[in-house]
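Biologist: Before we talk about this model, could you show me the sequence and the structure together?

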Amino acid sequence: MSNGPSLGVFKFASCDGCQLSLLDCEDEILAVAKAVRIANFPEASRAVVEGPYDVALVEGSVTTAHDLQRLLRVRQESRVLVTIGACATAGGIQALRNAADVAEYTRVVYAHPEYINTLERSTPIAEHVKVDYELRGCPVNKRQLLDVLLALLHGRKPDIHPHPVCVECKMAGTTCVLVANGTPCLGPVTHAGCGALCPSYARGCFGCYGPAEDARVGALAGPLAASGAKPDELVRLYSTFNVAAPAFQEGQRLAREGGASK
Amino acid sequence: MNGDAVLELTGLDALIAALIARGYRVIGPRVQDGAIVLDELQHAADLPVGVKDEQSPGRYRLAPRSDNAHFGYVVGPHAYKRVFHVPVETLFRVRRDGRGFEVTETPVDARPVALFGARACDVAATTVQDRVLAEGAHPDPRYVARRKDAFVVAVACNEPGATCFCASMNTGPRPADGFDLSLTELLPEPGVPHRFYVEVGTERGRAVLDEVAHALPSDEDRRRARALADAAVASMDKHLETRHLRDLLIDNPEHPRWRAVAERCITCTSCTLVCPTCFCSSMDDVTSLEGEAERVRRWDSCFTRSYSYMHGGPARPSVEARYRHWLTHKLAGWIDQFGSSGCVGCGRCITWCPAGIDLTEEVAAIRADVKAARGASKEA
Ligand code: SF4
Ligand code: SF4
Ligand code: SF4
C-alpha cells in the first residue's frame with residue numbers, strides 16, 4: 001500500500017453515483033491507489049483505516065441529525081475536504097422536500113412513518129462545515145475528480161472553471177440551441193464541467209452542475225420566457241438536482257412570476 | 001488585381017477538387033444542427049445549397065430558398081479563428097529529468113488550409129487577428145504556422161443579413177482584398193446559366209484558377225457583379241456610426257447606458273466567443289500521476305468573472321465593467337493598440353447573444369445622449 005497522502009471517501013444522503021465515478025476511472029484507478037493511501041472507501045474496500053485523513057471526498061447532503069454529527073467528525077479528521085456532486089454542493093434532488101411538508105410526505109410514502117427520523121430540509125455540506133473545494137455535477141465528471149486529486153497531490157490549483165456552460169458549447173463548436181432553436185437552456189447560468197453534453201445532443205442544458213460564478217438568472221428570465229416555455233416548465237427546469245441552490249431558487253421565483261426580469 | 005473570369009456552376013466543384021489536389025484542407029460553410037457552420041468540404045454539394053438564414057438579435061433560423069443559390073446566406077456561429085486560433089491546444093509538455101525539467105513543444109497541425117466561401121467581414125477579421133497574433137512584437141508561432149499558407153476563396157454577399165453592418169466598418173459586403181480568388185454568385189437569368197464572376201487577387205489564385213475550366217467574363221457579367229454589390233450595400237439596414245467613435249467611448253466610461261445594458265447581460269460569453277476577432281485565452285496547467293505536466297491554452301472571455309481574477313479578487317467584478325471593457329476595447333482601445341477597429345461588422349455578437357443585445361444600439365444610445373447633452377449645454 002502507498003504511503004502517500006491518505007484519502008477518505010464519505011457518503012451522506014446520496015445515490016453513490018459520484019463515488020462510483022472514482023471507480024469508473026478504470027485506466028487510472030490503480031495508479032491513484034499507488035499514489036494515495038485509500039483509508040476509507042466503502043464502495044471499493046471493506047478495510048477501514050481510522051483518521052486523520054489528508055483528503056476527504058464527501059458525497060451526499062445532510063438529511064438527519066446523525067448525518068450532522070458524522071459530518072462534524074469527518075471535518076475534524078480531514079485536512080482538505082472536497083465535496084463531490086450536486087447533493088453535497090447544493091442538497092441534491094432530495095432537497096425538493098425543502099419546499100414541502102415532510103411529515104405529510106412520510107405519511108403518504110411509508111407504511112410506518114414513525115420509523116422515519118429525518119430533518120425538515122436537505123442541506124449542502126458547506127452549510128455546516130468549511131469546504132475547501134467543490135466539485136459540481138450529477139454525477140461529477142470523472143476527469144475533474146481525478147484532476148482535483150492530482151492537483152492536491154502536486155500542490156497546484158485544480159483545473160475547475162466556474163464559467164458558464166456556454167463557454168464549453170462555443171469551444172466545442174456546438175450551435176446554441178436557445179438562439180438557433182428556441183430550446184430553453186440553463187447553460188448561460190450553469191457551471192461548466194460537463195463539456196456541454198446536452199446541447200451537443202440538441203437538448204437544452206438542465207443545470208446539473210448548478211449555478212455558474214455569476215448565474216445571472218434575472219437576465220436569463222426574459223430569453224427563457226421568449227423561448228415560448230411556460231412558467232411551470234421553467235420552474236421544473238430549475239427544480240432538479242440543484243433545486244435548492246439559491247440562484248436556482250431565484251430562477252424558480254422569476255419563472256413563477258412569468259419571466260419578468262428583476 | 002490580377003484580372004477576372006467567369007466560372008460555370010460546375011466550376012465550383014472543380015475548384016474545390018483543385019484545392020484538395022494541391023493538398024489543402026478545404027474549410028467552408030455546411031449545414032449542421034440547424035445552423036451554417038464551418039467544416040471540411042469535399043464537393044460543392046456539401047455547401048448549403050438553396051438554404052437561407054434568418055438572423056435577428058438573439059435569434060437564428062434556417063429556411064429553404066426558392067432558388068438554387070450556393071451562397072444565399074451569411075455568416076454563422078463559427079468564425080475562422082476556430083481554424084487558426086484554435087479553441088484548445090496543448091502548448092508543451094514538461095517532464096522531470098532528475099536534475100531539472102525537460103520541455104517538449106507539442107507539434108502544430110500546419111496542413112495548409114483553404115478558406116472556401118469566406119465572407120468579406122471574415123476575410124477582414126482574419127487580417128485583424130493577424131495584426132494581433134502574427135504581426136506584433138511577440139507573434140504566436142502556432143497561429144503563424146497554421147495561418148501562413150492559407151488560401152482564400154472569398155465570396156461577395158449579395159443579400160446581407162439583418163444583423164450585418166460591414167458597410168459601416170468598411171469591410172464588406174464585397175471583399176476588397178485579402179483573397180486569392182473572390183466569387184460573386186450570378187443566379188441564372190433567361191439565356192444565361194448559373195455562374196460565378198471571379199476576381200483574381202494573387203498569382204497563386206491565378207494558378208489555381210488556371211487548373212479549372214473558366215472563361216473571360218462578358219461586360220454584362222461585370223455589370224451584374226457590380227450592380228449586386230451596390231444593391232447589397234443599399235439593402236443593409238444596420239449601421240454603426242464610426243465618426244469619433246473612439247473618443248465617444250473613451251470619454252464616457254460612466255455613462256448610465258453601461259449600467260442599463262449590464263442589467264440585460266447574462267455574462268454567458270457568447271458574444272466574445274463567436275466574434276471573429278476576439279482572441280483572449282487562458283492557460284491551464286495539468287499534471288499526470290507520473291508527475292508530467294502540460295500547459296494547455298484555451299479560449300476565454302472578458303465576460304467571465306474568473307477571467308480577470310488576480311490575487312485578491314477579479315479586476316472587473318461588475319457586469320457593467322465587463323460589458324464596457326469589451327465594447328470599449330473592441331471599438332476604441334483596439335485602434336490605439338493595433339491601428340484598426342476590432343470590429344468588422346459581422347453581426348455575430350448580435351445574433352448569438354441570447355439576450356439580443358445589439359452593440360450598434362448601445363453605441364447609438366450613448367451617442368444620441370451625449371449629443372443631446374452637448375446641445376443642451378450650448379443652449380444654456
Ligand atoms: S446551447 Fe445553452 S449552454 Fe450552449 S451556448 Fe446556447 S445557451 Fe449556452
Ligand atoms: S464585435 Fe460583433 S459585429 Fe463586431 S466583429 Fe465581433 S462579433 Fe462581429
Ligand atoms: S452574448 Fe449577450 S448576454 Fe452573453 S455575455 Fe455577450 S452581451 Fe452578455
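Biologist: Over how many bridges do strand E2 (residues 25-32) of chain B and E8(B) pair in the parallel sense?

Modeller: This is a predicted model, in which local features need pLDDT of at least 70 and side-chain atom pairs count only at pLDDT 80 or more, while totals for chains, interfaces and linings use all residues. Residues are numbered from 1 along each chain as its sequence is written, chains are lettered from A and ligands numbered from 1 in the order in which they are written, and side-chain values use heavy atoms, with hydrogens and water left out. Strands (E, at least two residues) and helices (H or I, at least four) are DSSP runs numbered from the N terminus, and two strands pair if DSSP finds at least two bridges between them. Val26(B) stands opposite Ala114(B) in E8(B), and the parallel pairing of E2(B) with E8(B) runs over 3 bridges.

Biologist: How many of the residues of strand E8 (residues 113-119) of chain B are buried?

Modeller: E8(B) also pairs with strand E9 (residues 151-155) of chain B, in the parallel sense over 5 bridges, and Leu115(B) has Val152(B) as its bridge partner in E9(B). Buried means under 20% relative accessible area, exposed over 50% and partly exposed in between, with a 1.4 Å probe and protein chains only. By that count E8(B) is mostly covered, the buried residues being 7 of its 7.

Biologist: Which are the edge strands of the open sheet of chain A?

Modeller: That open sheet has 5 strands in the order E2-E1-E3-E4-E5, with parallel pairing. Within chain A, strand E1 (residues 6-11) is joined to strand E3 (residues 53-59) by 5 bridges, and Lys11(A) has Glu59(A) as its bridge partner in E3(A). Two strands of the sheet each pair on one side only, and these edge strands are E2 (37-40) and E5 (133-135) of chain A.

Biologist: How many residues apart in sequence are the parts that the pair of Phe71(B) and Phe196(B) ties together?

Modeller: Over all chains the structure holds 14 aromatic pairs, where rings of Phe, Tyr and Trp (its six-membered ring) pair if their centres lie within 6.5 Å, with planes under 30 degrees apart counted as stacked, over 60 as edge-to-face and the rest as tilted. Phe71(B) and Phe196(B) form an edge-to-face pair, at 6.0 Å centre to centre and 85 degrees between the planes. Because Phe71(B) lies in the loop between strand E5 (59-64) and helix H2 (81-84) of chain B, and Phe196(B) in strand E11 (residues 195-200) of chain B, the separation in sequence is 125 residues.

Biologist: Which ring has the charged end of Lys81(B) over it?

Modeller: A charge sits over a ring if NZ of Lys or CZ of Arg is within 6 Å of the ring centre and within 35 degrees of the ring normal. In chain A, Arg70(A) lies over the face of Phe12(A), at 4.2 Å from the ring centre. For Lys81(B), the charged end is 4.9 Å from the centre of the ring of Trp299(B).

Biologist: Which helix gives the most to the shell around ligand 1?

Modeller: A residue belongs near a molecule if one of its heavy atoms lies within 4 Å of it, and the residues surrounding ligand 1 include Cys166(A), Cys169(A), Cys176(A) and Cys185(A). The largest contribution to this shell is 4 residues, and it comes from helix H7 (residues 165-172) of chain A.
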